[in-house]
Amino acid sequence: MLIYCLLFIGCNRPENVTYIDEYPPVYPDYTDITIPYNIAPLNFLMRNNPEATEVVLKGEHSNILIRTGEKVSFAERKWRNFLQAEKGKTISVEVKAKIKGKWLAYKTFRWFVVADKIDPYLSYRLIEPGYEVWNGIQLRERHIESFKERVIADNALTEGSCMNCHTYGNQDPNLSFFHLRGEKGGTILNRNGELRKLNTKDGDMVSSVVYGSFHPTGRWGIFSTNIIIPAFHIYRSERLEVYDTESELYLLDFDHNKIIKVPEIKQLSIRKYRTFPVFSADGRSIYYCEAPSVELPDSIRQLKYSLLRIDFNPDTQTFGNRVDTLFSADETGQSVCHPKVSPDGKYLLYTVADYGTFPIWHRETDLQLLDLRTGEVDLLEEVNAECSDTYHSWSSNSRWFVFASKRDDGLYGKPYFSYMDSNGKAHKPFLLPQKDPAWYDYTLKSFNIPELSSGKLPFDAMAIEKIYHTIEAETLTLISE
């Protein structure tokens, strides 16, 4: 058995140790979690300010020993070799800390290393979590097998324009989009090695497209248009409510620069809001959220969205003549948003809140999982916390998902990963590791829409600066019904 000794502080070794039956106060909480074999080192911080710390990772084939202070960090190469050797095995983590001159040995916790790889790249928008300031925005890409990170779009280079979050198709780095606002903005489409800037508003559309996803072929995108209103209120602990006064669904044909409105089924006299559309894994259905209109903002707590499904025929670019309800706001008394289909087509992951369509300010917001084969709903009690859990994305093998959670402090959204095993059971999530385990303590930014990708994006912030300033937006034409 190999033993790696990474760092020593003098001869400050544990002696006269007292054993206590509780887990060590580690941050992030990495106790008893399931991890992929290709994750970056799970560096952590001891929250009790120890004079010294000893950590032993015990695997079946090798061990790692560290003697350090309050920050526990692992060498990347040795960590990578260690996880490769322990793939499919369980690692025991033993922690001892010297507190006020006395050594304490904590309860051993475990890391379950699975052979199911997680997609190695993660993109996200970094933004202040409040509503007063949004002018400093960046889209970034992180290599989660290491600590390498780069900026893929920076609004300091695009005249301070707002930019919306970055979305992949099929977790493919060569198929993605984000919206770049401002006078020279448009929808930035990354497709087949080419960057395009699109003007997606035409005719009587109320806005350019907002929320959307790609068809599996990459030819089409399904989007909503939204008139989005922020409003302040004093209900419970929420500071801000964001809602739509109008929203509709449109199909975009990227090959022919066409826009087709998705027809309403069983049209009633009451106006409906339709938003958050996504394609099914086979591309023959569209899932979306719909709510009847109410008086806004006065009746905001009565604004509740259901989850619906409609057929789509890619051969004729036509839609079905009936709608199926998968989650009923009338029956549950709750509101659903952000549906995301697993790439294998088995599951639909979505967010549920008490009301509304913008759940990040709602402490009660939770993730739920619908089994599309059986109709059973998993409340994901192992995954959810007391604060908002939302903005989720699947890994390409359907065995991992990432989501933004405010569980640490109720204010800052941070990316957490959860494993989905072969039985459809989700496991305790863990926070994206950082090289400096105290990084989250002094970083005053929220992670919006963390999205996993199977590879590195083919553009950077300089390319986005160029397309913003020098390229005219292509016009897409709304096809009359």
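Analyst: Contact here means heavy atoms within 4.5 Å. The model is predicted. With that cut-off, the buried residues of helix α4 pack against β14, β16, β17 and β18.

User: Which residues of helix α4 are buried, and why are they said to line one face of the helix?

Analyst: In α4, which spans residues 461-470, the buried residues are Ala-461, Ile-464, Ile-467 and Tyr-468. Viewed down the axis of α4, they fall within an arc of 125°, and therefore they line one face of the helix. An α-helix has 3.6 residues a turn, so residues three or four places apart point the same way. On the other side of α4, Lys-466 and Thr-470 are exposed.

User: What makes Asp-460 a cap of α4?

Analyst: A side-chain oxygen of Asp-460 lies 3.2 Å from the backbone nitrogen of Met-462, at the N-terminal end of α4.

User: Why is Asn-257 called buried?

Analyst: Buried means under 20% relative accessible area. Asn-257 has 17%, and is therefore buried. Asn-257 is found in the loop between β21 and β22, and has a positive phi of about 55° although it is not a glycine.

User: How do you know that β13 and β14 pair?

Analyst: Pairing needs at least two bridges. Strands β13 and β14 are joined by 5 bridges, so they pair, and they run antiparallel. A hairpin through 5 residues connects β13 to β14, and Glu-141 stands opposite Arg-150 in β14.

Definitions and conventions:
Residues are numbered from 1 along each chain as its sequence is written. This is a predicted model: local features need pLDDT of at least 70, side-chain atom pairs count only at pLDDT 80 or more; totals for chains, interfaces and linings use all residues. Side-chain values use heavy atoms; hydrogens and water are left out. Helices (H or I, at least four residues) and strands (E, at least two) are DSSP runs, numbered from the N terminus. Buried means under 20% relative accessible area, exposed over 50%, partly exposed in between (1.4 Å probe, protein chains only). The arc is that of the directions from the helix axis to the C-beta atoms. A polar contact is a pair of N or O atoms within 3.5 Å; within protein, one must be able to donate a hydrogen and the other to accept it, and residues adjacent in sequence count only if both atoms are side-chain atoms.
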